[in-house]
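Hi,

Here's the structure I said I'd pass on.

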Amino acid sequence: MIFNNISYQVKKNESVLECLLRCELKIDYSCKTGNCQSCLLKSIAGDVDKKAQKGLKPTAIEQGFFLACQQQAEAIQKAESIDNELIFSHARLVNKQLFSNDICQLIIEPVSPLYYHAGQFINLKNSQGIVRSYSIANIPSEQQLIELHIHKKTNGAMSHWLFNEFNVGDNIDFQGPIGECFYTSENKNKPMILIGTGTGAAPLIGIVRDALKSGHQGLILFYHGARNIEGLYLHDMLSNLDKSHSNFNYLPSISHNDDLLSNLGSNDSAIKIVVGRCNEIAIKKLQPTPQTILYLCGNPEMVNTTRKKAFLAGIASKNIYIDPFEYKDLRKSER
Amino acid sequence: MSESLFDKIGGEGAVDAAVDIFYRKVLNDDSIAHFFDDTDMDGQIAKQKSFLTMAFGGPNEYTGTDMRKAHAPLVEKGLNESHFGAVAGHLQATLQELGVPEELTNEVMAIAGSTHDDVLGL
Ligand code: HEM
Ligand code: FES
């Protein structure tokens, strides 16, 4: 395979990304599962696999763009990297605020207007070249600001950088928006269930904001799960939405009962936090109709098993939207 | 020109309607579910669509050799007559559930049956 005019020896069954990383080239990637689009390259000669173009825009496919992590290296004779300016635009950090000890909110302002749906994601690329995907939690407005929620992960190089070294006024490169996990007003009258763990709540609150602004009529169930109470970082906001919208129900849960639940002031909120895994709780209560729309977001194991269970329980496959982020390389250590 | 089997059943719309019903039956059948137990549900659903399109007599480019190749790894894992029968049964039940007339169902089952030797690598 010739890449950027240099020839590389290809091994059987390896992907283009694996081949280039094995040869110690510095190229962008993040999820390695074909979802984030950060590993885009351009094919000059060769047969691109269908799955290496899944989710790409028609214009990108026309130009021979493909996902390096999903493409067999053997099938590509010649490829090259894509001009940075074609993929990345720039934004400035305008606000940064802690939700909890290890979750923060970033507000960034793109230099040029961004057309997006809440729930889609963008890939941030920092000055060290690390790329990670983050979902958009707010709906478009005149101010042209983008809200992201960042979870500081053990050994998470990007999240640590965003927490500690990315300051208000700094610029950052981003790619996107990308993804199909968002609200459409076609579904206005349908029951909607959202299940999210941790900062998987970010795209989901975006979707809910979009739905409520569009005057969604169907019932909305929002299951947010976290390890402990601190992880239910949208508790006040979601509790308020629950109070102000009769068709919106917020159903929080924690998987570890470290905190004494009784210590929570019982007066400030009528919302009950249950102990258990939020996806299991949601599936147990599931009453699927052919109309039911399901949004799933969070850690990949939870998303994939819940997706299958919900499908078997009767939710139509086309009505299940997932935000399929994989953080595999970060999960080597205990959480 | 007479309408093709694929058009009579309802074309792509029929495939879309059938795929969820069929895939649910397959995943709920413990005797064959392990062949389909891939975490990539999108990929699996795309393959079920290929299967149904082909069985419905729709446009596809699969040759007998392709069918052999696609199922060879499964034959290695023990794919046999009884599994073939189970898949055929789910296909038939899916068509019944969708109210496909009997003579069309018979045609679909004949197409599926014609792949028998290739699928089982005989
Ligand atoms: C009844 C006749 C059958 C027909 C016409 C048929 C047709 C097909 C087709 C068209 C594909 C897609 C190939 C591709 O695009 O890669 C496929 C894949 C597959 N078939 Fe069949 N099939 C049949 C029977 C079976 C049986 C009996 C089993 C197992 C119980 C089975 C299991 C699978 C699996 C697991 C795949 C996916 C393989 C992969 O992941 O690459 N099929 N089949
Ligand atoms: S690294 Fe290839 S799509 Fe994410």
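Let's begin with chain A: the C-alpha centres of its domain 1 and domain 3 sit 35 Å apart. The chain splits into domain 1 (2–84), domain 2 (88–178) and domain 3 (185–329), with bounds that come from an automatic or database domain assignment.

Before you go on: this is a predicted model, where local features need pLDDT of at least 70 and side-chain atom pairs count only at pLDDT 80 or more, while totals for chains, interfaces and linings use all residues. Residues are numbered from 1 along each chain as its sequence is written, chains are lettered from A and ligands numbered from 1 in the order in which they are written, and side-chain values use heavy atoms, leaving out hydrogens and water.

One residue to look up in chain A is A:Gln53, in the loop between strand E3 (40–46) and helix H2 (58–62). (Helices, H or I, are DSSP runs of at least four residues and strands, E, of at least two, numbered from the N terminus.) A:Gln53 has a relative accessible area of 15%, so it counts as buried (under 20%, with a 1.4 Å probe and protein chains only).

Now over to ligand 1. It has 19 residues around it, the closest being B:Lys47, B:Phe51, B:Tyr62, B:His71 and B:Thr115; a residue is near if one of its heavy atoms lies within 4 Å. A polar side-chain atom of B:Tyr62 is 2.6 Å from an oxygen atom of ligand 1, and one of B:His71 is 2.9 Å from a nitrogen atom of ligand 1 (polar contacts pair N or O atoms within 3.5 Å).

Cheers

Technical notes. Buried means under 20% relative accessible area, exposed over 50%, partly exposed in between (1.4 Å probe, protein chains only). A polar contact is a pair of N or O atoms within 3.5 Å; within protein, one must be able to donate a hydrogen and the other to accept it, and residues adjacent in sequence count only if both atoms are side-chain atoms.
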